[in-house]
Amino acid sequence: MPQDAPVPGDTAHRARDARRAGVTAFVGTTIEWFDFYIYGSASALVLGKIFFADASSAVGTLAAFATFWVGFLARPLGGLVFGHFGDRYGRKKALVVTLTMMGGATFCVGLLPGYAQIGAAAPVLLVLLRMVQGVAMGGEWGGAVLIATEYAPPKRKLLYGAFAQQGSPVGNLLATLAFLGIAQLPDAAFESWGWRVPFLFSALLVAVGLFIRLRLAETPEMVAALARDKPVKLPVKTVLTRYPLLVLLGVLAGTAGVAITYVKTTFALSWATTDLSFDRTSFLTVISLALVVQVIVQPFGAVLASKWPVRKAVLWMLLPEFAVLPLMFVLVGTGNFWLAVLGMGLATFPHAMYYAALAGILARVFPVEVRYTGISLSYQLCTTLFAGTAPIASQYLLNAFDSIWPVVALGLGYTAVTLAGVLPLLARTGDDSAGRPLDSRTAQPA
């Protein structure tokens with residue numbers, strides 16, 4: 001039965017509840033990311049034709065990527081709204097609402113008529129539904145991370161944060177596999193009804209996610225905070241007035257973990273199927289194999305950061321990106337299937353492993369009373385500025401210079417920005433796996 005009481009004090013019970021919270025965070029974020037990522041695949045393959053029928057192929061793809069970005073523009077709003085709600089009333093309640101919103105918007109995209117049926121109303125409604133998706137995802141990530149980390153033992157928070165992060169590659173893999181199956185249809189069937197199937201199927205996944213999420217208790221740290229003090233009246237004010245530098249560093253620290261994924265998948269899918277010799281089935285297969293690699297290797301980033309000094313682990317994870325990302329584009333550019341698989345697989349290691357540790361790094365920065373708002377604002381501003389713009393910026397650079405190398409430079413720039421944020425952030429919060437969360441009364445490490 002659902003309950004909102006603190007967990008019992010015995011060690012075995014706490015360990016069981018921590019594992020259960022981690023699994024709950026993983027399942028919920030997998031479903032939310034599936035819904036979010038199928039839009040990315042659809043925007044690369046078909047949405048330009050359906051909702052921007054009067055535009056040329058290149059402009060239609062650019063317009064579809066622009067609607068893709070709208071979801072990211074809305075994510076900071078979701079982070080603020082649900083961060084406020086989650087810091088004042090609890091993480092669990094906020095997460096139930098975000099999952100319901102995401103599922104409803106995704107299902108409606110699957111039912112939406114195209115430009116040929118309702119004219120300009122079609123892209124307008126598409127943008128509105130994408131905004132709802134963005135608000136939901138903006139509230140989801142921070143709450144899911146806290147569900148996992150606030151149940152975890154102090155020295156295992158980096159490791160448990162990876163449960164929520166693992167939902168991203170698994171959701172992306174499921175979304176890609178869904179479109180890989182639908183891509184076998186003839187073009188006419190794919191464009192008329194086939195692309196809608198993954199959107200409509202999401203309703204079943206959301207029902208499963210809600211069943212699991214409703215059975216979890218509120219986190220013990222949040223229960224203790226609510227019992228000890230009155231909730232902060234306006235969490236965003238506290239975050240922005242006491243911790244503005246930490247928010248800025250958090251925004252920069254997330255860049256490689258969130259942006260390079262969209263260069264490698266959403267943009268690369270469009271590039272490979274439009275400018276290279278790949279058809280949509282073969283390159284969706286390439287992406288699927290790379291995502292399998294990500295699902296396998298990503299958790300090791302959190303393991304590494306839990307066993308080594310975090311700064312050392314971060315450098316070992318991110319520095320190889322400067323070599324493997326250019327190599328990936330060279331190998332994909334050959335048009336050879338297996339060389340593309342090799343390139344995508346190698347380029348997956350650095351940012352995927354770092355992404356696993358990122359949740360735990362950010363979750364320990366802010367005090368519990370404003371933690372949902374603090375990490376949500378940092379992460380979602382990062383996704384808006386860097387992740388959501390990655391496909392459209394990459395496509396613009398390719399169109400403008402007729403070369404893939406400016407896109408490579410953009411990806412390497414994301415890695416440099418990340419190092420500029422995460423290293424000073426670690427200097428403030430500590431280099432060990434437990435870290436030093438700030439005291440809300442002094443704004444200093446506790």
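**Questions on a predicted model**

Me: Which helix gives the largest share of the nonpolar patch?
Reply: Helix H7 (residues 121–149) does, with four residues, a helix being a DSSP run of H or I of at least four residues, numbered from the N terminus. This is a predicted model, in which local features need pLDDT of at least 70 and side-chain atom pairs count only at pLDDT 80 or more, while totals for chains, interfaces and linings use all residues. Residues are numbered from 1 along each chain as its sequence is written, and side-chain values use heavy atoms, without hydrogens and water.

Me: What makes Leu-128 partly exposed?
Reply: Its relative accessible area is 44%, and since buried means under 20% and exposed over 50% (1.4 Å probe, protein chains only), with partly exposed in between, Leu-128, which lies in helix H7, is called partly exposed.

Me: How do you know that Asp-35 has no salt bridge?
Reply: A salt bridge needs a side-chain nitrogen of Lys or Arg within 4 Å of a carboxyl oxygen of Asp or Glu, whereas the nearest side chain of opposite charge to the buried Asp-35, Arg-130, is 9.5 Å away. Leaving aside neighbours within four places in sequence, Asp-35 is in contact (heavy atoms within 4.5 Å) with residues including Met-102, Thr-106 and Gln-133.

Me: Why are the buried residues of H16 said to be on the same side?
Reply: The buried residues of helix H16 (residues 310–318) are Val-310, Ala-313, Val-314, Met-317 and Leu-318. They cover an arc (taken from the directions from the helix axis to the C-beta atoms) of only 115 degrees, and therefore lie on the same side of H16.

Notes: Lys and Arg count as positive and Asp and Glu as negative; His and the chain ends are not counted. Helices (H or I, at least four residues) and strands (E, at least two) are DSSP runs, numbered from the N terminus.
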